[in-house]
Amino acid sequence: MIHDWLLVETLGSEPAVVAQGRQTVDLVPLTTLLRRNPHLMAVQTAIAETVRAHQGLSSITPKNDRVIRTEVVQMTDGRIHGVQIWIGPPDMEPTERPVVGPLLWDLDQGTATDTPEALLNCGWDPTAKAMQNRTLADDLPMRDLIPSEAKVLCMAIKREPGMTMCDTWELSDRDGDPVSIGFVTRVVREEQEDGSVRLLCRAMNWRSDPDPAAAREDHLAQRILAGLAQPGVHRALIDPVTWTVLKWLDEPAPFFDWRASMAGDRLVHPDDRREIKRIAREFADGTVSAVLRLAGVDGAEWTPVHVTVNRVELDDGVFAGLATLRRPSAEER
């Protein structure tokens, strides 16, 4: 009998287990994990009631031999991302319940909304100013390359409803200490109150047990990138459709307001938007460069930035732009 808390993702066609205690489970259908459990039907009922009621509950199985306890994982917009569930004898206290953090990516706007629990799980200070007005790039590890990270980037670029990913990443917290983060994410298409439709990634994260395989990985790509780093040059992966910054491969560029979307009105000077269209059109055939006036910082309305974009394949048929950004020389301005 399982006495760990199970974390069940409830956004799909059927509940799927994504964590057992602190161990990540790869979206295993609840009916598969508990197929021999005589209380499966009672567990399914408890999950359904928890989602309906938007709050946790405690119930007893028909034979009075097990207690079922649930807790809801709810995003700030009210949507339920998952349910934590514990099954045990009436005289047993539940084990410590892992903290689960729901979060949301708006793939149309390139923004990220993180709950305090989600930020704490990643080892970040949720009260810090840098945690506000977050983008997709803020939610991915800057500089560090995670072997499976390309899958998440592909989800952000392809934006196909129903795409899922469940994994454990080994990261560093704000103090530089290693942490293991389990997470699950799913692309969903949702109609809004005004009738518009948005593409979102709804996700959950939790502190996970370390993955022994991750410690043995030789991060060759990370060492190659570090070796190619140049002072004053900042490399990032961008969405070739929206031109949103998805991930920084160096320290984020400090000389322009990169948290605005490339496709937005605030980032690019109105007279330079035709250059964005030219880059989008030509970068598929090779390297393309331009000097763009982008949103400034420290009181400056606009600042010139030299941008070079290369096409990189993240997966079969899925391409991102590798943007290299620097201050232009006097001759380039």
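Modeller: Let us begin with charged pairs. A salt bridge is counted where a side-chain nitrogen of Lys or Arg lies within 4 Å of a carboxyl oxygen of Asp or Glu. The model is predicted, and for this reason local features need pLDDT of at least 70, side-chain atom pairs count only at pLDDT 80 or more, and totals for chains, interfaces and linings use all residues. Residues are numbered from 1 along each chain as its sequence is written, and side-chain values use heavy atoms, with hydrogens and water left out.

Biologist: How many salt bridges does this rule give?

Modeller: The count comes to 17. In one of them, the side chains of aspartate 77 and arginine 202 meet at 2.6 Å, N to O. Aspartate 77 sits in the loop between β5 (67-74) and β6 (80-88) and arginine 202 in strand β11, so this pair ties together parts that are 125 residues apart in sequence. Helices (H or I, at least four residues) and strands (E, at least two) are DSSP runs, numbered from the N terminus.

Biologist: Is arginine 202 buried or exposed?

Modeller: Residues under 20% relative accessible area are buried, those over 50% are exposed, and those in between are partly exposed (1.4 Å probe, protein chains only). Arginine 202, with a relative accessible area of 2%, is buried, whereas aspartate 77 is partly exposed at 47%. Both residues belong to a network of salt bridges that links Asp77, Arg79, Glu190 and Arg202.

Biologist: Which residue does arginine 134 meet in a salt bridge?

Modeller: Its partner is aspartate 114, at 3.0 Å, N to O. This pair links distant parts of the chain, 20 residues apart: arginine 134 is in the loop between α3 (116-121) and α4 (136-139), and aspartate 114 is in strand β8 (residues 111-114). Arginine 134 is buried at 5% relative accessibility, and aspartate 114 is buried at 16%.

Biologist: How far apart are the closest N and O atoms of aspartate 125 and arginine 174?

Modeller: They are 3.8 Å apart, and the two residues form a salt bridge. Aspartate 125 is in the loop between α3 and α4 and arginine 174 in the loop between β9 and β10, so parts 49 residues apart in sequence are tied together. Aspartate 125 is partly exposed at 29%, and arginine 174 is exposed at 55%.

Biologist: Which residues have the most contacts inside the largest nonpolar core?

Modeller: A nonpolar core is a set of buried Ala, Val, Leu, Ile, Met, Phe, Trp, Tyr and Cys residues joined through side-chain atoms within 4.5 Å. The largest core here has 30 residues, and those with the most contacts inside it are Trp105, Leu107, Val152, Trp169 and Val187. At least two of its residues come from each of β7 (100-106), α5 (149-158), β9 (164-172), β10 (178-191), β11 (197-207) and β16 (318-326). Helix α5 gives the most, with six residues. A second, separate core of 26 residues includes Trp243, Trp248, Val268 and Val307.

Biologist: How many residues of α5 are buried?

Modeller: Seven of its ten residues are buried; among them are Glu149, Val152, Leu153 and Cys154. Just after α5, arginine 159 takes a positive phi of about 55°.

Biologist: Where do the buried residues of α8 pack?

Modeller: They pack against β14 (288-295) and β15 (302-315). An α-helix has 3.6 residues a turn, so residues three or four places apart point the same way. In α8 (residues 273-282), Ile276, Arg278 and Ile279 are buried. Seen down the axis, the buried residues fall within an arc of 160° (taken from the directions from the helix axis to the C-beta atoms), so they line one face of the helix. The face turned away from this buried side carries the exposed residues Arg274, Lys277 and Arg281.

Key: Contact means heavy atoms within 4.5 Å.
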